Structure formats: C-alpha cells, structure tokens
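Dear colleague,

Please find below the structure that I am handing over to you. My notes on what was found in it follow directly after.

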Amino acid sequence: MDFKPEITLLQRRDNVWTVEEGMVRCFLIVGQEKALLFDTGAEKIDLLALVRQVTDLPITLVQSHSDGDHTAAMGQFEQAYLHPAEVERLKERYTGTLPVLLPAEDGDVFDLGGVQLEVIHLPGHTPGSIGLLDRQARILYSGDMVSHGPVFMFGAGRDPAAFIASLERLKAMNGAIEEIYPCHESCPIGPEVIDELLSCIRGILDGSIQGQKPDGMLPPGASPLVYRVGASGIFFDPTEKKEAAK
C-alpha cells in the first residue's frame, strides 16, 4: 500500500501559509491584491480548493523547479511561471496536461500589492531552480536550493560548480536575508545554512569530508552517500565526481 502523508495547512506569518505534505511543503503568500503559490507539491490533491480556504484573491503559480515532488498539482492551474531552463525537464517528467508555461527570469518581480517577490535564479540543484526574495521582510523562499536537506546533488541536472556559485551569490547579499523558508525539513531556518552547505559541497569536492551510507528512502537505483556539516547535509554520489573528472 502506498504511503499517503497527512496534508495540513499551516499559517507561518500574517500573510504566509504552508501546505505541508509530509516531507515537502509549498507556500502561499498573500498580498493586498493577489496571492502567489510557490510550488504544487508531491500529491495530486485539490490544492486550489485548499488554498481557497485562505484567500479568494487571484492566484499566481510559480514553480521553484521541475522535480516531481514540487509539481504534482500543476494541472489544476491555467498557467504557471517557471525558469526557462526547467521547461524541457518538466515536459520530460510531468504526466498529464500542463498549464500554459510563462518565464520566471532572474530579477523579475511579482507584485502582490504590499508584497513584492523577486525571482533569484539559483542553478545547481537543477539548471533552472529559483528562489523568491521578499526584500522588505528579508525572507528567501529557497525551493530545494537551501535547506538542512540533505540536498539532492546526485543524478541528472545537478551541477556542483553552479551550486557553489549560487550559494556564494546568496552569501554576498549580506543582510538582505534574515530567514529562509525551504520546501524541505525545518522551516524557517537562518542564513548560516548557506555557509554550512558551502562548506559541505567544497568538502565533498576536495575530499576533506567523508560520506556515510544514508538511512531512509531514496529513488530506485540511487546509491549516494550523505555528507554533513553542522545541521545541514548533501546527498552526493562520489562515482559521479570520478566520471566528471575523466
């Protein structure tokens, strides 16, 4: 029998709710004129009906990236914003009818009325991963790019060099980010996680951190090790590093 997580709607701030689906969450951010839904989760639930419990404002759907645990309920919406580098990946993975796809480019701003969310392109976990930055509240909605993880950095589309560059970009933003709202694990978390992930991926690549065999479920056929720094971690397959070096 397939495991079905309990679906809960949790208020995080005056204008922010999360849809919790066990190991993954998506975000509903409500402004004065519009609401924005960041991701559509891992379950094909009636997500639109769920968010309508919170608001009757027009809803803009923005996808952080194309992995299946973030896109399951996309088909309920007429259109969705996605970084162009994720479009083909999404079409390869998604089953069903996709909404009309619109580009979410670095620097674009979604104005919800009193709340502005800026698109930050953060490649590494996937080529077109994005975060949304609320500069006024100093909150980064980070998708899968920044979390305690372990962040998946094995398999097709993962790019350690791009991952490092994206983390360095976030680190250079200094006081612009006080809290991070990730799609996995603890929420919210602090910007120190950026440094932990940087130390972790660098330690993986230079061999100064040793990986351990992970506990728990992983995709069929996957055999990464888990590497940890502080409270954060990364799943990485060392055989992929050897292949890339050839």
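Arg135 is partly exposed, with a relative accessible area of 45%; buried here means under 20% relative accessible area, exposed over 50%, and partly exposed in between, computed with a 1.4 Å probe on protein chains only. Arg135 forms a salt bridge with Glu118, and the closest N and O atoms are 2.6 Å apart. A salt bridge is a side-chain nitrogen of Lys or Arg within 4 Å of a carboxyl oxygen of Asp or Glu. Because Arg135 lies in the loop between S10 and S11 and Glu118 in strand S9, the pair ties together parts that are 17 residues apart in sequence. Glu118, at 16% relative accessibility, counts as buried.

Please note that this is a predicted model, in which local features need pLDDT of at least 70 and side-chain atom pairs count only at pLDDT 80 or more, while totals for chains, interfaces and linings use all residues. Residues are numbered from 1 along each chain as its sequence is written, and side-chain values use heavy atoms, with hydrogens and water left out.

Further salt bridges

By the rule above, the count comes to 11 salt bridges. One of them joins Asp106 to Arg169, with the closest N and O atoms 2.9 Å apart. Asp106 lies in the loop between strand S7 (100-103) and S8 and Arg169 in helix H3, so this pair ties together parts that are 63 residues apart in sequence. Asp106 is partly exposed at 38% relative accessibility, and Arg169 is partly exposed at 32%. Glu20 forms a salt bridge with Arg25, the closest N and O atoms being 3.0 Å apart. Glu20 is buried, with a relative accessible area of 11%, and Arg25 is buried at 8%.

The five-stranded sheet

Helices (H or I, at least four residues) and strands (E, at least two) are DSSP runs, numbered from the N terminus. Two strands pair if DSSP finds at least two bridges between them. An open sheet of five strands has the order S8-S9-S10-S11-S13, and its pairing is mixed. Strand S8 (109-111) and strand S13 (179-182) stand at the edges with a single partner strand each, so one side of each is left without a neighbour in the sheet. Within the sheet, strand S9 (residues 116-121) and strand S10 (residues 130-134) run antiparallel and are joined by four bridges. Val119 has Leu132 in S10 as its bridge partner.

Helix H3

Helix H3 (residues 160-171) has 12 residues and reaches 16 Å from its first C-alpha to its last, close to the 16 Å expected at 1.5 Å a residue; the expected span is 1.5 Å times one less than the number of residues. The buried residues of H3 are Pro160, Ala162, Phe163, Ile164, Ser166, Leu167 and Leu170. These buried residues pack against S9, strand S11 (139-143), strand S12 (151-152), helix H4 (192-206) and strand S15 (232-236), where contact means heavy atoms within 4.5 Å. At the start of H3, a side-chain oxygen of Asp159 comes to within 3.1 Å of the backbone nitrogen of Ala161.

Strand S15 and its partners

Five of the five residues of S15 are buried. Both faces of S15 are covered, with Ser232, Ile234 and Phe236 on one side and Gly233 and Phe235 on the other. S12 pairs with S15 in the parallel sense over two bridges, and Phe152 has Phe235 in S15 as its bridge partner. Strand S14 (residues 225-229) pairs with S15 in the antiparallel sense over five bridges, with Leu225 opposite Phe236. S14 and S15 form a hairpin with two residues between them, and Gly230 in the turn has a positive phi of about 60 degrees.

Backbone features to inspect

A cis peptide bond joins Gly149 and Pro150, with omega about 5 degrees; Pro150 is in the loop between S11 and S12. Another cis peptide bond joins Cys187 and Pro188, with omega about 0 degrees; Pro188 lies in the loop between S13 and H4. Asp39, a residue other than glycine, has a positive phi near 85 degrees. Asp39 is found in the loop between strand S4 (35-38) and helix H1 (47-51) and is buried, with a relative accessible area of 0%. Glu185 is not a glycine, yet has a positive phi of about 60 degrees. Glu185 is placed in the loop between S13 and H4 and is partly exposed at 44% relative accessibility.

With kind regards

Terms used:
A polar contact is a pair of N or O atoms within 3.5 Å; within protein, one must be able to donate a hydrogen and the other to accept it, and residues adjacent in sequence count only if both atoms are side-chain atoms.
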